[in-house]
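Hi,

Here is the structure I promised to pass on.

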Amino acid sequence: MPPHENSRPWSGIRRWGIVCLGLLSALAAVLFVLAPVEQDIAKYEWQPGPGAGNTALPLMPYQPSRLDASFDCAQPRDGLLLATNPPPGMAGEQDAGNGLTVRADQGVLRVRLGDTQLADRPTGAGCRWHVRADDTGTRVDVNGGTLGHSPDRPSVTGLFTEGLDAGLHVQVVADTRFDSSAGVLKVVLGVLAVLSLVALLVLARRWDQAVARRVRLLPRRWWRPRAPDVVVAAALGGWSIIGALTVDDGYIVTMLKARAESGFAGNYFRWFNAPEAPFGWFYEMYRLLAEVSAQEVWLRLPSVLLGLVAWVLVDRVLLPRLTSGELRWTRWAAAALFLLWYLPFDVGLRPEPLIVVGSLVVFALVERALATGAVAPLAAGLVVAGATVAVTPTGVAAFLPFVAALSGLVRLLRRRGNRALPALLCLLLAAAASTLLWMFYDQTLGTVLAATDVRTRIGPAMDWQQEIERYATLLDPNVVEGSLNRRVPVLLTLFGMAVLGALLLRGRTPGLAAAACRRLAVCGALYLVALTFTPTKWTHHFGALAGFGTLLLALVVHTVARGALRSVRARAIALALLAGVTALAVSAPDSWWSLSELGVWAADGMPSILGFGPATLVLGVGLALAVAGALAGAWRSAGGAQTDDRRALRWLPATGPLLVLIALGTVVLEVGSMARAVTTRWDTYTVGRSNLASFGGSKCGIEDWLTVEPDPAAGVLRPAAGSAPARLEGMRDGGFPAGTEPLVRPAWGSYRSPDGSMTSAWYALPPDAGAVDRAPLVLGVAGTGDVQVRVEFGRADGEVLSSADVDVATEGKWRDRRLDPAETPGADRVRVLAEDRDEEGWVAVTAPRLPVVVPSAQFVPPSEEVAVDWPNAFLLPCRQPASLADGMVQPVRYRFAPGPDSQELAGLSYTPDAGGPYAPLVQLATEHPVPTYLRGDKLREPISVFRFDYPAPMRDLKVTRSTRPLTAFTRGGPQM
């Protein structure tokens with residue numbers, strides 16, 4: 001027991017020094033939140049004179065902070081004076097919504113906001129109109145008198161006019177409330193808070209040296225590597241090269257790339273680019289790496305290093321604290337269990353690795369405080385917990401060790417005596433207040449509240465009672481969130497928590513420090529409770545449990561190996577539960593996010609053995625052994641033998657080794673299947689192949705294998721000599737239903753038959769049509785109803801070698817269908833047959849083509865900014881996303897999207913209701929596909945490229961940039 005505070009007097013002056021420093025640090029942290037920041041302002045001026053034309057101005061957020069438009073009353077002719085969204089005839093792919101329109105019509109000047117008319121007045125000389133929009137709404141004045149008002153502001157994607165001579169002048173101030181940096185006062189207060197806190201911790205440490213026990217934190221020679229360390233390090237390093245992406249890698253890397261121009265780390269793809277504040281300081285750390293390189297292996301480095309730190313904490317610090325006895329085999333078990341958790345969840349750009357390390361550090365500090373009676377570890381633990389929770393809401397896990405150890409911590413503080421209470425409270429208050437420094441480092445209280453409000457109102461924001469959705473997703477085999485690699489660690493940990501909890505309640509935990517293990521079990525259970533209050537219900541949030549989960553399972557293995565399950569009944573129940581849990585875990589495919597699963601074995605489902613799936617086999621064998629063992633034990637018990645007779649227990653495999661075997665098997669499956677994918681697809685793209693190529697100088701990820709077809713007409717096949725189309729009605733310059741204009745339509749190459757049947761001439765195939773480095777044969781099709789299109793490959797003499805039906809379910813839209821001539825050796829002709837079986841349906845085809853392609857980086861230089869969608873952004877390290885600087889999204893020419901099977905995932909970036917950044921672009925521009933092909937995998941389109949065509953470029957705009965102080969109580973936010 002540590003000495004009492006009064007047994008070794010502590011200087012009253014030093015105690016009061018702690019009080020003063022604590023109050024100073026806490027006060028400085030609070031004032032830090034309230035201090036103003038420097039906001040960057042961008043003002044756009046447009047005054048169209050002779051020869052001036054329309055200009056794009058795609059604001060992001062869509063409404064300006066302020067708009068001022070002034071013009072004369074006199075109008076020499078009718079027409080459009082001003083519009084802030086494209087007028088009819090110039091609109092893009094999407095309706096632009098609530099724009100401002102000023103139009104002269106039959107001698108009357110009308111001002112409308114969307115569909116609402118704000119003001120109208122006959123034209124005439126001698127007056128000046130003024131339209132002003134700001135946070136209070138939109139107001140129309142004439143000579144100082146108000147004619148109309150609306151509480152809404154107009155959306156602005158551009159400035160359009162028909163050139164009426166009315167002295168038009170427009171000023172637009174973009175909404176850049178989140179584009180800010182710490183002001184001088186904020187910096188001074190932050191430095192003062194940090195220096196006071198450091199001095200405070202030094203004093204607290206000296207106080208502990210006077211009254212607390214001295215216990216070694218790390219074992220001697222802890223730094224010497226052991227065999228399990230080598231395995232863990234090799235697995236983490238290898239996975240960083242060949243392993244799968246996490247679901248948000250593309251989302252986060254785009255935030256990091258855009259940070260340099262936008263001035264803050266915003267949610268680039270939605271929520272009007274509002275920042276994650278008060279969470280997300282770790283983006284600032286990661287963006288320094290992104291400025292060096294956006295290569296996958298490089299950006300995965302922090303999560304690998306954090307994984308090594310977490311492993312050291314588990315192996316060197318916490319296992320010795322939680323257990324007694326020999327740890328050699330427990331250490332190996334912990335290594336397998338740690339990799340089971342960390343590889344699928346935590347190697348990537350998501351914040352869970354920081355939560356894993358932060359929660360382990362706090363748990364270790366709390367346990368050290370309880371073991372030594374010291375208070376400095378408690379203060380340090382609060383600082384670390386504050387930094388961890390400021391990463392993401394699931395960082396609340398770092399505060400759970402304090403809750404689990406509350407009674408022990410109260411006793412610890414009481415031992416310091418009543419005279420020390422003010423110093424203790426000020427110490428802990430200052431440590432807890434340091435959280436504010438992480439949460440408000442470059443934002444004000446008002447902007448943090450505005451950002452939170454935007455995220456909450458748009459969502460997803462699910463209530464606590466919907467937490468069941470997370471577990472329903474985990475058990476859904478049709479989604480990546482419910483794959484085998486996520487189920488196994490989560491379900492095994494839930495099993496381990498149940499077993500360990502039962503053993504702790506019954507006091508049967510040989511080899512464990514019962515009190516500390518109880519606190520760990522409480523932390524694990526409380527984290528599951530805390531998850532219910534997070535606004536989203538994704539299974540990747542379980543990744544924050546990797547540290548606690550590893551320890552809980554390792555403790556089960558350790559205590560079971562020392563006889564915790566001594567009775568036949570206990571072991572039979574545990575085995576039956578483990579069989580059920582494992583069967584449920586392996587009943588899903590080993591699927592991975594996005595293109596990570598290319599070539600992965602079992603990505604579509606686990607193979608069967610003798611007609612039985614692995615889940616059925618595991619459940620059947622496990623239950624049979626459990627029943628047999630239980631019956632044997634019951635028979636021997638009825639005969640007078642002891643229920644823990646070793647001969648009866650032989651029927652039952654030990655639960656601990658089975659846990660380790662399941663974990664190890666899963667890790668081997670994951671790593672082995674990824675390695676196999678690299679080798680089997682060596683000549684084309686996989687995540688691992690791309691990363692290995694980057695060590696040899698390749699830098700552009702999947703684009704090193706990606707080609708594009710700039711001119712689809714260049715590869716159209718010509719009919720073979722002597723052949724001619726039969727029974728074809730030409731659709732040469734039109735005639736297709738609206739919206740079905742073909743991708744390829746040379747004058748002779750697109751046909752439609754109204755009489756129910758259609759055929760084409762044979763087309764000649766070049767000799768190298770099936771070469772590996774050639775693009776596939778492509779056929780454009782469109783149709784509705786009961787229609788059929790068949791492609792035949794054959795020889796010049798008319799012999800058909802093979803045929804394939806082509807999917808024509810296009811809902812009337814033109815789609816490309818791909819075929820590989822290499823699958824029919826010897827073919828030098830191709831013929832297209834079509835049949836329309838539905839009187840109300842129709843079918844149309846283009847002539848087949850062998851695309852003429854160029855590398856994507858040659859077609860769109862990497863230096864050119866593009867619209868890049870979040871699901872595939874991490875695969876495109878050379879691509880710089882469209883800038884969101886100065887409150888505007890840069891009107892880029894090209895969009896790099898996911899392939900056709902995944903394009904719906906990117907929809908939020910183009911949805912105004914979600915605050916998507918690209919919505920203004922598709923409101924301005926029309927979109928045209930540019931076909932892409934993956935070298936070495938002809939039939940796959942993993943990345944789609946689209947070209948934006950704008951009727952009005954950006955021009956004739958004067959931009960003025962400045963700064964102004966933004967106070968803590970300025971809130972506002974984008975309109976929704």
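A question to start with: is Cys-700 buried or exposed? Cys-700 is buried, with a relative accessible area of 13%. Before going further, please keep in mind that this is a predicted model, so every value here is computed from it.

Disulfides

Searching the whole structure turns up two disulfides. Counting the bonded cysteines along the chain, the pattern is 1-2, 3-4.

Cys-700 belongs to one of these, being joined to Cys-878 with an S to S distance of 2.0 Å. The torsion about that S-S bond is about -90 degrees, so the disulfide is left-handed. Cys-700 sits in the loop between helix H23 (687–694) and strand S14 (706–708), while Cys-878 is in the loop between strand S25 (867–868) and strand S26 (894–898), so the bond ties together parts that are 178 residues apart in sequence.

Cys-73 and Cys-127 form a disulfide as well, and there the sulfur atoms are 1.4 Å apart. This one is also left-handed, because the torsion about its S-S bond is about -135 degrees. Cys-73 is found in the loop between strand S3 (66–72) and strand S4 (79–83), and Cys-127 in the loop between strand S7 (116–122) and strand S8 (128–134), so parts 54 residues apart in sequence are tied together. Both ends are buried: Cys-73 has a relative accessible area of 1%, and Cys-127 comes in at 13%.

What about Cys-426, and which cysteine sulfur is nearest to it? Cys-426 is in no disulfide, and the nearest cysteine sulfur, that of Cys-20, is 8.3 Å away. Cys-426 is buried too, at 10% relative accessible area.

Salt bridges

Side chains of opposite charge can pair when their charged atoms come close. Over the whole structure, the search finds 41 salt bridges.

- Asp-68 and Arg-132 meet through their side chains at 3.0 Å, N to O. Asp-68 is in strand S3 and Arg-132 in strand S8, so to speak distant parts of the chain, 64 residues apart. Asp-68 counts as buried at 12% relative accessibility, whereas Arg-132 is partly exposed at 26%.
- Arg-350 pairs with Asp-248, with the closest N and O atoms 2.5 Å apart. Arg-350 lies in the loop between helix H7 (328–346) and helix H8 (352–372), and Asp-248 in the loop between helix H3 (227–242) and helix H4 (249–262), 102 residues apart. Arg-350 counts as buried at 10% relative accessibility, and Asp-248 counts as buried at 16%.
- Glu-792 and Arg-831 form a salt bridge at 2.7 Å, N to O. Glu-792 is in strand S19 (residues 787–794) and Arg-831 in strand S22 (residues 829–836), so the pair ties together parts 39 residues apart in sequence. Glu-792 counts as buried at 10% relative accessibility, but Arg-831 is partly exposed at 22%.

There is also a network of salt bridges that links Arg-226, Asp-229, Asp-315, Arg-316 and Arg-331.

A charged patch

Lastly, the surface. Arg-506, Arg-508, Arg-566 and Arg-569 gather there in a patch of positive charge. Arg-508 lies in the loop between helix H16 (484–506) and helix H17 (514–531), and is partly exposed, with a relative accessible area of 32%.

Cheers

Conventions: Residues are numbered from 1 along each chain as its sequence is written. This is a predicted model: local features need pLDDT of at least 70, side-chain atom pairs count only at pLDDT 80 or more; totals for chains, interfaces and linings use all residues. Side-chain values use heavy atoms; hydrogens and water are left out. Patches are made of residues with over 30% relative accessible area and no salt bridge: like charges are joined within 9 Å, nonpolar side chains (Val, Leu, Ile, Met, Phe, Trp, Tyr) within 5 Å. Accessible areas come from the Shrake-Rupley method with a 1.4 Å probe; for residues, only the protein chains shown count as cover. A salt bridge is a side-chain nitrogen of Lys or Arg within 4 Å of a carboxyl oxygen of Asp or Glu. Lys and Arg count as positive and Asp and Glu as negative; His and the chain ends are not counted. The place of a charge is taken as NZ of Lys, CZ of Arg, CG of Asp or CD of Glu. Helices (H or I, at least four residues) and strands (E, at least two) are DSSP runs, numbered from the N terminus. Buried means under 20% relative accessible area, exposed over 50%, partly exposed in between (1.4 Å probe, protein chains only). A disulfide is a pair of cysteine sulfur atoms within 2.5 Å.
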